[in-house]
Amino acid sequence: MALLQISEPGQSVEHLYRTAVGIDLGTTHSLVAVVVDGTPKTLANHTGSHLLPSVVHVGSDGTFEVGVEAQQKLTSDPLNTIASVKRLLGKNIAEIQQYSTPFELSSSKGGSPLIRTNSGDKSPVEISAQILKQLNTLAENSLGEKVEGAVITVPAYFDDAQRQATKDAAKVAGIPLLRLLNEPTAAAVAYGLDQAAEGVIAVYDLGGGTFDISILSLEKGVFQVLSTGGDSALGGDDFDQALSQWILEQSAYEAPLSAQQTNVLLQLCRSSKEQLSSQTEVNIDLDIESLKWSGTLTRQQFDQLTAPLVKQTLRATRKAVRDAGMSTEQIQDVVLVGGSTRMLAVREAVEQFFGQAPKQGIDPDRVVALGAAIQADTLIGNRSGDEMLLLDVNPLSLGIEIMGGMVEKIVPRNTTIPISRAQEFTTYKDGQTAMAIHVLQGERELVNDCRSLARFELRGIPPMTAGAAKIQVSFKVDADGLLSVSARETSTSVESSVEVKPSYGLSENEITGMLQDSFAHAEADKVARSLREVEVEAAGLLETLEVALKADAEALLDATELQKIADAVDALKQALKAQDAKQITSAMEFLNHQSAGFAQKRMDHSIRDALAGRELGEIENN
Amino acid sequence: MNLPDNYFELFGLAPEFGLDQSKLLSQYRTLQKALHPDRFTQADDHQKLISVQNTALVNEAYQTLKADTSRAEYLLFQAGTVVPKDTTIQEPEFLISQMELRESMMDVEGSDSPEDQLDQLREEVEGSSGKIKQEFIGHWEKGCEAELNQAVLCVQKLKFYDKLAIELDHLEEQLFD
């Protein structure tokens with residue numbers, strides 16, 4: 001049993017605590033949270049603020065400022081100050097041009113938007129990465145430890161491109177991503193654990209730029225999303241826009257607005273909106289570069305102006321309740337998330353719709369980050385996994401283009417993920433040797449009404465008569481909600497397959513380029529950083545293996561197998577002492593190779609346990 | 001070790017149309033708790049891959065057995081009978097009843113009490129598909145080839161009613177907006 005003495009003498013084999021954070025990357029604000037002594041907490045910066053404004057200022061020397069400092073430059077340097085970048089994430093230039101942005105946009109070769117700053121063109125991914133970096137630094141400074149993993153939240157209604165872009169931003173920021181988690185699901189986790197709630201709950205999440213509604217069932221630690229819906233381009237910003245339109249009409253100002261005028265007006269609208277959550281009317285006094293208006297806005301007027309937006313959220317809510325196979329009477333609790341749910345008209349509308357007052361309790365600005373921290377703590381292995389499990393769904397249907405510009409759905413919306421689905425298609429011409437596959441996301445029947453995710457061609461199909469070839473197209477959606485698609489010809493012995501991962505805007509090369517850029521200022525740091533990263537990884541591997549061996553070595557391995565693993569463990573420890581990144585990496589690969597058989601046996605064991613864990617007396621029935 | 005291929009076996013349930021939904025759900029959760037990728041975040045790539053494959057299978061199996069129509073279709077598939085995708089139903093009675101339902105759907109919007117109309121139509125659709133489910137059970141239990149062919153016809157009819165139910169939902173959405 002030499003193998004069980006992997007740890008240094010005197011060192012406990014108990015699990016080491018590893019720091020993992022939850023990040024709420026919001027349109028207006030972003031937050032970072034961590035679990036300390038079993039309780040999730042959001043972290044405050046040096047001024048005591050938990051909310052980091054999601055605003056990034058790009059200086060002419062290429063430096064970035066994030067947060068309050070950047071926010072202050074919205075009016076003084078509007079062209080180089082980027083707010084609400086989340087609305088641009090994962091979108092192509094054509095989709096964005098319908099919003100009015102104060103900054104200048106151009107298009108990359110791939111059609112993704114670039115923001116023109118006086119330090120060059122910046123992509124929304126790079127800007128988002130700056131926000132993530134700032135939060136990561138905040139966490140590392142206040143905890144005094146390196147962050148080893150993060151759960152980043154995304155709106156449940158984000159499509160594949162928006163999720164991929166968020167993942168890319170984490171990569172550019174150098175943050176090890178454990179999982180993308182849907183915001184309402186994160187909120188449900190924080191709420192459910194806090195209140196020990198059971199039953200069916202609705203999470204109504206109206207943020208700065210996105211709206212989500214999710215219906216979940218909570219039972220014995222399993223958080224199962226039954227349905228989700230929403231609008232990834234509807235949020236508090238739109239309420240500000242509606243009010244600004246109204247003020248412009250009142251002022252009868254005709255000329256196009258300058259960037260500065262736009263930002264001043266929008267900030268004024270936002271603060272007026274916020275005041276109307278606690279008072280019945282607000283005085284507006286606008287005076288910026290000949291755009292002048294002063295007057296009183298009552299709550300009633302504001303509610304009228306924004307009623308269509310509230311109605312739009314209720315429409316999605318009704319659909320989600322139905323998709324869950326529920327009626328509003330069956331919903332036990334309604335949880336409000338997102339700063340925009342402070343608007344009284346929103347609260348009243350939700351209360352009327354569900355016939356019950358929404359739950360108050362956890363701060364709607366923080367609840368998402370808190371839930372993400374709990375999930376991060378579980379995924380990194382600090383919390384026993386038996387306590388909690390999240391089962392989420394894909395928010396939008398996935399399919400491929402068929403004849404006539406129609407979409408054939410392969411994975412319908414609200415399917416629990418991960419999921420793998422295959423469907424068979426055939427050729428329509430004699431001797432056809434290639435087939436174009438166009439992957440789409442959305443609920444509509446026509447290709448033009450859905451989001452195009454990827455196009456690829458399957459070549460090398462043996463020539464046959466029309467309809468004889470059998471092309472199997474497989475869709476796989478992973479636990480992050482990200483899709484990969486493959487296709488192969490199955491009717492003959494010839495199998496050609498193509499695999500694509502839809503990705504927008506950024507190629508692997510571009511991401512690498514950004515990573516290099518961000519390290520360019522500290523070249524020496526790069527080597528140290530990569531050594532630290534593999535050290536952390538190696539320590540994680542040793543520790544996981546140690547726990548696994550302690551639990552199962554005796555039952556599953558013979559002496560020879562044990563010795564093989566023990567030798568590889570020793571080799572990795574030697575490599576760690578030598579502090580050479582390459583040597584550590586190859587020793588890790590060797591150890592993984594030597595312990596693969598053990599891993600397989602453990603996996604089989606867990607499957608057997610799972611099957612045995614079902615209620616007794618059921619298999620005999622078959 | 002692989003999970004059982006048969007969905008009923010996977011959940012430890014008898015291969016029958018009538019199924020205890022709460023038992024299906026609790027078995028589903030037990031399996032997910034053991035197999036889900038969240039349990040394997042610190043494992044090696046091979047184990048992660050197996051976990052995703054296992055979970056995907058359990059999800060697919062759960063969804064297939066949960067809904068009546070897909071469960072019926074799966075029972076037939078296990079018995080070696082595939083429900084053809086694009087064949088039309090020739091029974092005049094059934095076609096006439098479908099046409100009548102669709103006509104009533106078109107009248108909903110203009111009627112005095114569209115909500116009551118909708119509720120009534122829903123009840124009709126549920127009632128008719130309920131009857132067909134009973135017919136399916138009868139044919140399925142007898143099990144000979146001719147009976148199974150009748151069972152296939154039942155599944156095809158159920159698909160028509162499922163589609164109608166979805167269209168009723170869309171109609172309701174339009175009415176509310």
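This is a predicted model: local features need pLDDT of at least 70, side-chain atom pairs count only at pLDDT 80 or more; totals for chains, interfaces and linings use all residues.
In which loop of chain A is A:Val85 found?

Figure 1. The loop between strand S7 (81-83) and helix H3 (93-96) of chain A holds A:Val85. A residue counts as buried when 20 or more other C-beta atoms lie within 10 Å of its own; A:Val85 has 26 such atoms and is therefore buried. Apart from neighbours within four places in sequence, A:Val85 is in contact with A:Ser54, A:Val56, A:Pro124, A:Ile127 and A:Ser128. A:Leu398 lies 313 residues away along the chain, and its C-alpha atom is separated from that of A:Val85 by 26 Å. As background to this view, chain A has 16 helices and 29 strands, and buried residues account for 43% of its 622 residues. Of the contacts in chain A between residues at least 6 apart in sequence, 69% join residues at least 24 apart.

**Figure 2. Crossing of helices H7 and H8 of chain A.** The axes of helix H7 (residues 236-251) and helix H8 (residues 259-275) of chain A come within 9 Å, with a crossing angle of roughly 110 degrees. Because angles of 65 to 115 degrees count as roughly perpendicular, H7(A) and H8(A) are described in that way. The crossing of H7(A) past H8(A) is right-handed. From H7(A), the residues A:Phe239, A:Asp240, A:Leu243, A:Ser244 and A:Ile247 meet A:Leu265, A:Leu266, A:Cys269, A:Arg270, A:Ser272 and A:Lys273 of H8(A). By class, this contact comprises six nonpolar, two polar and three charged residues.

**Figure 3. The side of chain A that touches chain B.** Contacts between the chains involve 38 residues of chain A and 38 residues of chain B. Elements of chain A giving two or more residues to this side include helix H9 (299-323), helix H11 (367-379), strand S24 (419-425) and helix H13 (523-556). Helix H16 (596-612) is also one of these elements, and H16(A) supplies the largest share, nine residues. The chain A side consists of 15 nonpolar, 13 polar and ten charged residues. In chain B, the domain assignment gives domain 1 (7-66) and domain 2 (92-176); the centres of these two domains, taken over C-alpha atoms, are separated by 31 Å.

**Figure 4. Packing of H16(A) against H3(B).** The axes of H16(A) and helix H3 (residues 45-66) of chain B come within 10 Å and cross at roughly 25 degrees. Since an angle under 35 degrees counts as roughly parallel, this term applies to H16(A) and H3(B). H16(A) passes H3(B) in a right-handed crossing. The residues that meet are A:Ala596, A:Ala599, A:Met603 and A:Ile607 in H16(A) and B:His46, B:Gln47, B:Ile50 and B:Asn54 in H3(B). Five of the residues in this contact are nonpolar and three are polar, with no charged residue.

Figure 5. A cis peptide bond, with omega about 0 degrees, joins A:Ile417 and A:Pro418. With 7 other C-beta atoms within 10 Å, A:Ala196 is exposed. For A:Ser290, also a residue other than glycine, phi is positive and near 70 degrees.

Technical notes. Residues are numbered from 1 along each chain as its sequence is written. Chains are lettered from A and ligands numbered from 1 in the order in which they are written. Helices (H or I, at least four residues) and strands (E, at least two) are DSSP runs, numbered from the N terminus. A residue is buried if 20 or more other C-beta atoms lie within 10 Å of its own, exposed if 12 or fewer, and partly exposed in between; C-beta atoms are placed from the backbone. Two residues are in contact if their C-beta atoms, placed from the backbone, lie within 7 Å. Domain bounds come from an automatic or database domain assignment. Ala, Val, Leu, Ile, Met, Phe, Trp, Tyr, Cys and Pro count as nonpolar, Asp, Glu, Lys and Arg as charged, and the others, Gly among them, as polar. Axes are lines fitted to C-alpha atoms, for helices over the stretch in contact, and angles run from 0 to 180 degrees between N-to-C directions. Angles under 35 degrees count as roughly parallel, over 145 as roughly antiparallel, 65 to 115 as roughly perpendicular and the rest as oblique. A crossing is left-handed if the near helix is turned anticlockwise from the far one by less than a right angle, and right-handed if clockwise.
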